[in-house]
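Colleague: Could you go through this one with me? I'd like to jump between topics as we look.

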Amino acid sequence: MTTRLDRMPEWQSLNAHARAVADRRIGVMFRDDPGRFGRFSGEAAGIFLDYSKHNIDSATLELLLALARASDVEGWRERQFRGKRINVAEDRAALHTALRSDGDGGRVHAPGPVREEVAEVLGRIGTLAEAIRSGQWRGHTGKPVRTVVNIGIGGSHLGPALVCRALSRHDRDGPEIRFLSNVDSGHFDEITRDLDPEATLFVLASKTFSTQETLANAESARQWLGLRPGRDPGAENHFIAVTGHHERALAFGIVPENIYPLPDWVGGRFSLWSAIGISIAIGIGMEGFRALLRGARAMDEHFLAAPLERNLPVLMAMTGIWCRNFLGTSSLAVVPYTQGLELLPAFLQQMEMESNGKRVTRKGEEVAWETCPVIWGAVGTNGQHTFFQHLHQGVETIPVDFIVVKEGADGQDGTQRKLVANAVAQSAALMAGRDEEIVRQHLSGAGLTVDQIDRQAPHRTYPGNRPSSTIVLERLTPESLGALIALYEHKVFVQGVVWQVCSFDQWGVELGKELAVAVDRLFTGDAAGPEIDGSTRGLVALLGSGVETAS
């Protein structure tokens, strides 16, 4: 029987420890411990993690790892990789790691039937990608595909979009890859405005093949092409489906050979390694896609084999729990200092908040502790000129994940050096701050009067002691990107285990979808459906004429 988290002695010990070190300064710990950086950093699968700028010491880490062990993180980890049904809410396995297993006898492996299925689909993806990239795959008039438009939303959009954007310089020989997610017709027009229908292929990515936004955009694509799959010759060469519901794709008109399976043991936000990654394989080539899988697999191997004290996902997870549950932080900013990772904050926002934004435990009991923080962020250095003011001088403390790429896409140069310098400087400034006495000295040295100093000093003071982690990649490659994404996947898994929530369901997205159908019927004058509140009815009345006019 699982003990309630806040009643575990390890949790209570951390609470007492947090009270005892609440006023501790991270900068002072660095001054007193010259070896601190080496002790609170580590490297695995080509990823370097520095977590030394957190308010932790050896005692803190020991207590956090004791909580991880008491929560049976190691046992849950083994059950996940063995394909046990750890998605307790839906009675399913969460076996996305099997998608990057190569069957080489390592610890990361899949049950026989799963391994065979993965190999078969991977082979089909490779054949398709080669046919499109080589020009063998042609549209209904014989033109080769020049543009692939991925139509999906959530996990069927964010993962492939992130990877294709991040690795856009990796291989430029394939067709252009674009992503359509928003049901707003303006987005469809923007994506297709300059495209040739005769040279465009649509990938319809939907696990259920019932997602309203995706189906609406798929119908718009069909009308834009002027072709009816299943009736007009050659129309089948403009549509591919990735789904867990074969029959629904058939009903739309997708031919069987163009339907790629998405197993129920793969959650949408963990699906870029599956056939959902077809757009990635087409965009960067199959070898690039396999390299992405290899990088993730290297992190899988580390997560499985490394002791907790040196396990990067575990260390990230537990320092996050320390900030969230014991130091009282409510959000986490993710700031990648490379333009290629501009979509990473949005991707991680879904991964973390959809996984661990839960209010009941695995047993269905209401939680009495905070779970996932709000995840947000933007690419640096842009963020320095938008929200960093709040990070440095806002009332609340917000931890930051800095992601830094050591070598730029075109090699190390002055621009890249400045980018990296900004990232390192920001993490140092958040930690060190600047007290009022030093501020006054600087202002006096600049020749300001006493009155001017008195007026400006409070506004120029930085409290500091704001925690951050820095993640370093040597270069942004398929391997390093795969390892980075897997690092966050395992971090989320560990935190879910400790928080005692099911990280692999997402019932919270369903209610709004159901009500959207009922509200849509109200716009057409159909009063059927659930009881609708007065505000909703008022808004329907207000917006209805505008919607009708627009249509």
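Colleague: Let's begin with L443: which helix is it found in?

Modeller: L443 is found in helix α17, residues 436–445, where helices (H or I, at least four residues) and strands (E, at least two) are DSSP runs numbered from the N terminus. This is a predicted model, so local features need pLDDT of at least 70 and side-chain atom pairs count only at pLDDT 80 or more, whereas totals for chains, interfaces and linings use all residues. Residues are numbered from 1 along each chain as its sequence is written, and side-chain values use heavy atoms, with hydrogens and water left out.

Colleague: And is L443 buried or exposed?

Modeller: L443 is buried, with a relative accessible area of 6%; buried means under 20% relative accessible area, exposed over 50% and partly exposed in between, with a 1.4 Å probe and protein chains only.

Colleague: What is L443 in contact with, leaving aside its neighbours within four places in sequence?

Modeller: With those neighbours left aside, L443 is in contact (heavy atoms within 4.5 Å) with L448, I453, Q456, A457 and R460.

Colleague: New topic, the core. How many residues has the largest nonpolar core?

Modeller: The largest nonpolar core has 114 residues, and those with the most contacts inside it are I278, I471 and L484; such a core is a set of buried Ala, Val, Leu, Ile, Met, Phe, Trp, Tyr and Cys residues joined through side-chain atoms within 4.5 Å. The largest share of this core, 13 residues, comes from α19. A second, separate core of 20 residues includes F202, F209, A235 and A249.

Colleague: Which residues does L484 touch, not counting those up to four places away in sequence?

Modeller: L484 touches I47, L341, L344, I403, I471 and L473 on that count.

Colleague: Why call α19 largely enclosed?

Modeller: Because 21 of the 22 residues of α19 are buried, the helix is largely enclosed by the rest of the structure. From its first C-alpha to its last, α19 reaches 32 Å, close to the 32 Å expected at 1.5 Å a residue, the expected span being 1.5 Å times one less than the number of residues. After α19 comes Q500, with a positive phi near 65 degrees.

Colleague: What volume has the largest cavity, and what lines it?

Modeller: The largest cavity has a volume of about 180 Å³ and is lined by 17 residues, of which M316, T319, G320, L332 and K491 lie nearest its centre. Here a cavity is a set of points, on a 1 Å grid over the protein atoms alone, where a 1.4 Å probe fits but cannot get out, and lining residues have an atom within 4 Å of a point; grid points are joined across faces, edges and corners, and a volume is the space filled by probe spheres set on the points. α13, β8 and α19 each supply at least two residues of that lining, and the largest share, five residues, comes from α13.

Colleague: Lastly, where does A45 lie, and what is its phi?

Modeller: A45 is in the loop between β1 and β2, and its phi is positive, about 50 degrees, although A45 is not a glycine.

How values were computed
On a 1 Å grid over the protein atoms alone, a cavity is a set of points where a 1.4 Å probe fits but cannot get out, and a pocket is an open set with protein on both sides within 12 Å along at least five of seven lines; lining residues have an atom within 4 Å of a point.
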